[in-house]
2 protein chains.
Amino acid sequence: MVSLREMGERELIRNIRSIIRPPPGLGPGDDSAIIPLAGGDIVACIDSVTFERHFPKGMRYEEFGWTAAAVNISDLAAMGAEPIGLLAALTMPPDLEADSLYSIMAGMDNCAESFGAYIYGGDTKFGSGAVSCTAIGTLNGRSPMLRSGARPGDIIAVTGALGSAAAEFFAKENNLDYAPPFSSLKIPIPRVAEGISMSASGAVTSCIDLSDGLAEGAKSICSASRVGMDIFMRFLPEGHGVDEVSSETGISKEDLMLYWGGEYELLFTFDKGKKDALYDIDLEFSIIGKVTNEDVPYIIHENKRMAMENGKH
Amino acid sequence: MVSLREMGERELIRNIRSIIRPPPGLGPGDDSAIIPLAGGDIVACIDSVTFERHFPKGMRYEEFGWTAAAVNISDLAAMGAEPIGLLAALTMPPDLEADSLYSIMAGMDNCAESFGAYIYGGDTKFGSGAVSCTAIGTLNGRSPMLRSGARPGDIIAVTGALGSAAAEFFAKENNLDYAPPFSSLKIPIPRVAEGISMSASGAVTSCIDLSDGLAEGAKSICSASRVGMDIFMRFLPEGHGVDEVSSETGISKEDLMLYWGGEYELLFTFDKGKKDALYDIDLEFSIIGKVTNEDVPYIIHENKRMAMENGKH
């Protein structure tokens, strides 16, 4: 008998998928699912944040609620979908002050509002402190961006910069005197407008959000697309604080930028023949590598090429 | 400062609703929400079941998973919607055997299959043992049945029989030698076909499922519709085991049938001028009372008329 603690997440997901019937449309396994309806497909996802794992030192309840919404809105964004509605199930310690719960809901609603969505339903039960949030969105007729479409020769790119959430986390853990201009750790910003533009461009062949970090994201695309990746360390856009926190703590830049996660940039691949369509949409992104015909992602330093490790967070 | 333990559920919901923006369509406050989309409205709800509260003695993990799906499918049924997809977020103790989690998922999928739906997404985190499930459905152009449409003079009715889940629970608690022909406690059957027919009939003015018991359901309709109810004890359809378990344990039939819950019949009101439309659809139901112009539900015994109490479960 194997306990959940001993199971790898990938194996657990694979086993669950072998038990449930595969649904019409797109079922579990990508950032979001696609549910076919008579009037047009909807996009939906579910994800939980917990007090134990997603409530770092110094976070406020509003920020925890914002995060609960943001992680799910980010999963819609990774498909190119536009968020419409959220539903939230809270399992909360009985001793929690009611005001803290209201703050969580206010934070969720703020995040929903920032991305054009509303909270449609909720439920509260007693438990160890988790918010399970479902996000529902629409593609408005666009094709979804999946993890499975990357082909050898495609270019690999990422929106925004990497490692700032990790830098902020480790600065706090090590009591460094470091104040980021904006807390990407506590108020993550899903790339909704970017995802919509990217899916509309027709150039993107695969996409995933980086909530589990660049290494995990790259592995997921490689596994779903049956390709490899060469990603160049020197091309990675360095987030705020990465240099400073790495020097002060001794944690390598690579660890902060590849293996920690907790950030909500989009990792994507695109057809190099269609790159003009991407430049047309005024998207800010960095090219970081190319898709290969191998089967795992490599990180390339000046003169070393190494298979990416498993994420550490 | 007030803790969640000290808060009434109604007050908590009212306060949360005052914090979040009211969405277009129908937001929190009914059995399900209605999310307007370009291609047609969808119906959605979210509800959690927990090891602590919804895992009675003798239940199997498959049955717990079935129940997690059923409580949400029942919330769709109460609106007259047809289920399409489920998404499930599990927060599970790290020491739980992986096989138990697979059993929960298999039970959910069995329930989904029984009502024409599929599991579209999931998430697993560590926690105290809860399954938060979102159900998504469609009305296919029918008008939803809401809690708020009852009018004085309408007839009150209920599908199926009442109290069998409570009887089964208390039989087990008291170690009675009682075996129901079918476990409505462990394998609740949402009234999906009934809900669809009822909403199609055009006769139903309000509806709610009885997961919280008849008294709580009646109160919710009275509060949302601003009406009262006279419900007659002698009209209540008595579920299997109610008589026997009441005699053996001394728990009154009224407690088993009104105040415990955990069953998934539909309580509804209908326009008495349209009763033929209900008889036409071959629905099995019992008339149990009438809607009044007061503001709370009363239960009427032979010669006593008493305001219903709060649910005890």
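In the predicted model, B:P144 touches B:I34, B:V43, B:M79, B:G80, B:L139 and B:S199, leaving aside residues up to four places away in sequence; a contact here means that the C-beta atoms of two residues, placed from the backbone, lie within 7 Å. B:P144 sits in the loop between β5 (130-138) and β6 (155-159) of chain B, where helices (H or I, at least four residues) and strands (E, at least two) are DSSP runs numbered from the N terminus. B:P144 counts as buried because 21 C-beta neighbours fall inside 10 Å. The cut-offs are 20 or more other C-beta atoms within 10 Å of a residue's own for buried, 12 or fewer for exposed, and anything in between for partly exposed, with C-beta atoms placed from the backbone. Along the chain B:P144 and B:S32 are 112 residues apart, and their C-alpha atoms are separated by 9.7 Å.

Residues are numbered from 1 along each chain as its sequence is written, while chains are lettered from A and ligands numbered from 1 in the order in which they are written. Because this is a predicted model, local features need pLDDT of at least 70 and side-chain atom pairs count only at pLDDT 80 or more, whereas totals for chains, interfaces and linings use all residues.

Strand β5(B) is mostly covered, with eight of its nine residues buried. Pairing requires at least two DSSP bridges between two strands. β5(B) pairs in the antiparallel sense with strand β2 (residues 42-50) of chain B over eight bridges, and B:V49 stands opposite B:V131 in β5(B). Strand β3 (residues 82-92) of chain B also pairs with β5(B) in the antiparallel sense, over nine bridges; here B:P83 stands opposite B:G137.

In chain A, five strands form an open sheet with mixed pairing, in the order β1-β2-β5-β3-β4. Its edge strands, β1 and β4 of chain A, each pair on one side only, and the twist averages 20° from one strand to the next. Within chain A, β3(A) and β5(A) run antiparallel and are joined by nine bridges, and A:L87 stands opposite A:T134 in β5(A).

Between the chains, 65 residues of chain A are in contact with 65 residues of chain B. On the chain A side, β4(A) gives the most, with nine residues. That side divides into 36 nonpolar, 17 polar and 12 charged residues, with Ala, Val, Leu, Ile, Met, Phe, Trp, Tyr, Cys and Pro counted as nonpolar, Asp, Glu, Lys and Arg as charged, and the others, Gly among them, as polar.

One helix pair spans the two chains: helix α1 (residues 9-19) of chain A and helix α4 (residues 98-114) of chain B pack at an angle of about 35°, with their axes 9 Å apart. Axes are lines fitted to C-alpha atoms, for helices over the stretch in contact, and angles run from 0 to 180 degrees between N-to-C directions. In this pair, A:L12, A:N15, A:I16 and A:I19 meet B:A98, B:Y102, B:M105, B:A106 and B:D109.

Elsewhere, A:K304 lies in the loop between β11 (297-300) and β12 (305-307) of chain A, and A:K304 counts as exposed because it has 9 C-beta neighbours inside 10 Å.

As for confidence, chain A averages a pLDDT of 94, and 99% of the residues score at least 70; pLDDT is the predictor's confidence in each residue, from 0 to 100. The model scores ipTM 0.94 and pTM 0.95.
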